[in-house]
Amino acid sequence: MNTDSFIIPESYTVAQTIDAMLRYAVTVRASDIHLDPRAADILVRVRVDGCMLEAGTISSRLFGELIARLKILSGARTDIHAIPQDGRFQSSIADGTYNIRASFMPTYHGENAVLRLLSSSARAVSLSRLGFTADHVRMVERALSRTHGLILVTGPTGSGKTTTLHACLAAKAREPLSIITLEDPVEYEIPGIRQVHVRHTHGVTFASGLRSALRQDPDVIMVGEIRDQETAAVVIHTALTGHLVLSTLHTNSALEAIPRLVDMGVDHYLLATTLKLVIAERLVRLACEHCYALGCENCRQKGYVGRSIIAEVLDVDDELSRLIACRASLAEIADAAYARGFHPLAEDGDEKINWGITTREEVARVLSSV
């Protein structure tokens, strides 16, 4: 099969089509496969290094059977077509085994399907391997050495927040501690840690799951995301009562996490007491080492292979805590942070450009929404 396009012979069965599609995705290092029904055919797209690429088409005559087969594999209902469904299955592809999350959504031309591929052999890696600088690693490790408090990772969807949290937890797992995670869903297994899949369809939320986890005698708890006022309140209470809590939040910058939590109803004094560190991050594509973004056979003419983090890390010291407690403006808190050596995302991006691992165009693309 051509590794730069997805071609399915007319003679292929549904099973052969699914197998070929998954093998293609693994070959091009895709994280997701999108099957988008159109009037005449099915458009196949893949996400590689965060970018969507058109891969080819599938005949519409196969699509009904294809969706049904994917639903059977993932444990979804084949007789339901008008509401979204989710499921998962495992598949041996090439030389590896992959856990595949399937999502089905009704659209105008039929049910859309999105498959996320997660290698079952994938494990949490160190912060430095993710792309954090030595200074950032030292700040994160210092915060992780605490016995209580709140550590946040912020950024948009797909910016690597969960991977960063897993790297932090993997470091803590080497210590004799009781560690519990609440995730939606559990993507990577971390040995020595109790990982809980939060199922909202079963009435289990991050807030209710966290209350139950507190009865399990934990030292460290990871909450997948602070989504609402209830979760924020329980997270702050947990961090205040002798637990180290790690979580994520959707904000564009590390500093914006402070007013975001206040907007969720968190008292300034409690936030000042519990918040210890905020990481904001993005993922930038790595320039191909053979052509430096010009395009060659090694990168399939894309110019980039793989991704790395650019980040800003806000260390909430005594002075910043005092300002938060005193209800200082975000501008005042920012001025104090910069005076203490805080460096924004753009500066870390410039450093990665100077190292020669990515390009100015790529950093500009990723930071255009900041």
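Two strands count as a pair if DSSP finds at least two bridges between them. I kept that rule at hand while going through this predicted model.

**Entry 1: strands 10 and 11**

I began with strand 11, residues 244-249. Strand 10 and strand 11 run parallel and are joined by four bridges. I looked up which residue V223 stands opposite in strand 11. V223 faces S247 there.

Next I checked the cover on strand 11. Six of the six residues are buried, so strand 11 is largely enclosed by the rest of the structure. I then sorted its side chains by direction. L244, L246 and T248 point one way. V245, S247 and L249 point the other way. Both sets are buried.

**Entry 2: strand 7 and L152**

Strand 7 covers residues 149-154 and pairs with strand 11 in the parallel sense. I noted six bridges over that pairing. L152 lies in strand 7 and stands opposite S247 in strand 11. S247 is also the residue that V223 stands opposite.

Is L152 buried or exposed? I found a relative accessible area of 0% for L152. The cut-off for buried is under 20%, so L152 is buried.

I listed what L152 touches, leaving out residues up to four places away in sequence. From strand 11 I wrote down S247, T248 and L249. I226, A257 and L261 are in the list of contacts as well. L275, L277, V278 and I279 complete it. I placed these four in strand 12, which spans 275-287.

One more distance for L152. E225 is 73 residues away from L152 in sequence. Their C-alpha atoms are 9.4 Å apart in space.

I moved on to strand 8, residues 179-183. How many of its residues are buried? I counted five of five, and strand 8 is mostly covered. I179, T181 and E183 point one way from the strand. I180 and L182 point the other way. Both groups are buried.

Strand 8 pairs in the parallel sense with strand 10, residues 220-223, over four bridges. I179 stands opposite V220 in that pairing. Strand 8 also runs parallel to strand 9, residues 194-197, and four bridges join them. Here E183 stands opposite H197.

I placed P185 in the loop between strand 8 and strand 9.

I followed strand 4 to its partner. Strand 4 and strand 5, residues 96-107, run antiparallel and are joined by nine bridges. R88 has R101 of strand 5 as its bridge partner.

**Entry 3: positive phi in loops**

I checked A94, in the loop between strand 4 and strand 5. Its phi is near 55 degrees, a positive value in a residue other than glycine. A94 has a relative accessible area of 52%. The cut-off for exposed is over 50%, so A94 is exposed.

Q301 was next. Q301 sits in the loop between strand 12 (275-287) and strand 13 (304-315). I read a positive phi of about 70 degrees for Q301, which is not a glycine. Q301 is exposed, with a relative accessible area of 52%.

**Entry 4: helices 6 and 7**

Last, I looked at a helix pair. Helix 6 covers residues 206-213 and helix 7 covers residues 229-240. Their axes come within 8 Å and cross at roughly 25 degrees. Angles under 35 degrees count as roughly parallel, so helix 6 is roughly parallel to helix 7. The crossing is left-handed.

Which residues make the contact? From helix 6 I noted F206, A207, L210 and R211. From helix 7 I noted E230, T231, V234, V235 and T238. By type, the contact residues divide into five nonpolar, two polar and two charged.

Notes. Residues are numbered from 1 along each chain as its sequence is written. This is a predicted model: local features need pLDDT of at least 70, side-chain atom pairs count only at pLDDT 80 or more; totals for chains, interfaces and linings use all residues. Side-chain values use heavy atoms; hydrogens and water are left out. Axes are lines fitted to C-alpha atoms, for helices over the stretch in contact, and angles run from 0 to 180 degrees between N-to-C directions. Helices (H or I, at least four residues) and strands (E, at least two) are DSSP runs, numbered from the N terminus. Angles under 35 degrees count as roughly parallel, over 145 as roughly antiparallel, 65 to 115 as roughly perpendicular and the rest as oblique. A crossing is left-handed if the near helix is turned anticlockwise from the far one by less than a right angle, and right-handed if clockwise. Contact means heavy atoms within 4.5 Å. Ala, Val, Leu, Ile, Met, Phe, Trp, Tyr, Cys and Pro count as nonpolar, Asp, Glu, Lys and Arg as charged, and the others, Gly among them, as polar. Buried means under 20% relative accessible area, exposed over 50%, partly exposed in between (1.4 Å probe, protein chains only).
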